[in-house]
Amino acid sequence: MILKLDPHIHSNYSHDAINSPKEIIKKSKEKNLDIIGISDHNTIEGSQIGIQESKNDEGILVIPSIEISSEYGHILGFGIEEKIKKGLSVEETVDKIHDLGGLAIVPHPFCYYRHGLFCKYKNKNIKIDGVESKNGRFILGYSNYKGKKLAKEKKIAEIGSSDAHYIEFIKDCYTEIDCEMDIDSVLKAIKNRKTKALGNGTSNINLIKYLYKKNRNKI
């Protein structure tokens, strides 16, 4: 079964996002997503609330997730339900994710201004499970291109994510995944590289227009 997944969305439990898990779920369903991950910075609170909000909703599956700030950059702990503290070494962060039964996915891997892991960390031999080859918030393309190249070299899953901090931009990039609507099936499909990264990214013009309108409405 081919489903649509956006594994990297931020809620108001991240310091730089504004929408509640409930709003994220509603907008994701409107955009015909089947599976999402609420992946907040160094906290699982938004993810936990999203899972509770969607518990009786057969129309969408919320996967537990967190975006962890490791010593050298960000790593998604996809499929984990426990917080991993920030600032640990890359190896320790990845090991803890795996010990908790999750997948280590590297977001925006080569983006300097957004803590891309491989900008400073040069060991490509770590046992990650996937890498974003399409991140919606980096439309210039270099980081996405390098991510795609790395995924092919390491034979790991290519992931598409909106990295949305505002619900209007959910699904600007996303992943087609061949799986069933349950967590184990999703994780197994990523491990087996049954994914395809899609989407055109978030237009900077649209983002500026949105922020201008939003701030103007506050006046």
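In which sense do β7 and β8 pair, and over how many bridges? They pair in the parallel sense, over five bridges. The legends below take a few close-ups in turn. This is a predicted model, so to speak: local features need pLDDT of at least 70, side-chain atom pairs count only at pLDDT 80 or more, and totals for chains, interfaces and linings use all residues. Residues are numbered from 1 along each chain as its sequence is written, and side-chain values use heavy atoms, with hydrogens and water left out.

**View 1. An open, five-stranded sheet with mixed pairing.** The strands (DSSP runs of E, at least two residues, numbered from the N terminus) come in the order β4-β5-β6-β7-β8. Two strands count as paired if DSSP finds at least two bridges between them. At the edges stand β4 (65–69) and β8 (157–161); each has a single partner strand, so one side of each is left without a neighbour in the sheet. From one strand to the next, the twist averages 35°.

View 2. Helices here are DSSP runs of H or I, at least four residues. Axes are lines fitted to C-alpha atoms, for helices over the stretch in contact (heavy atoms within 4.5 Å), and angles run from 0 to 180 degrees between N-to-C directions.

**View 3. N135, a buried residue of strand β7.** N135 belongs to β7 (residues 130–135). The N135 side chain makes polar contacts with the side chains of R114, at 3.2 Å, and D163, at 3.3 Å. A polar contact is a pair of N or O atoms within 3.5 Å; within protein, one must be able to donate a hydrogen and the other to accept it, and residues adjacent in sequence count only if both atoms are side-chain atoms. Leaving out residues up to four places away in sequence, N135 also touches others, including H8, H108 and C173.

**View 4. Cysteines without a disulfide.** Searching the whole structure turns up zero disulfides (pairs of cysteine sulfur atoms within 2.5 Å). For C119, the closest cysteine sulfur is in C111, 6.7 Å away and too far for a bond. C119 is buried, at 8% relative accessible area. C179 is in no disulfide either, as its nearest cysteine sulfur, that of C173, is 19 Å away. C179 is buried as well, at 4%.

Methods. Buried means under 20% relative accessible area, exposed over 50%, partly exposed in between (1.4 Å probe, protein chains only).
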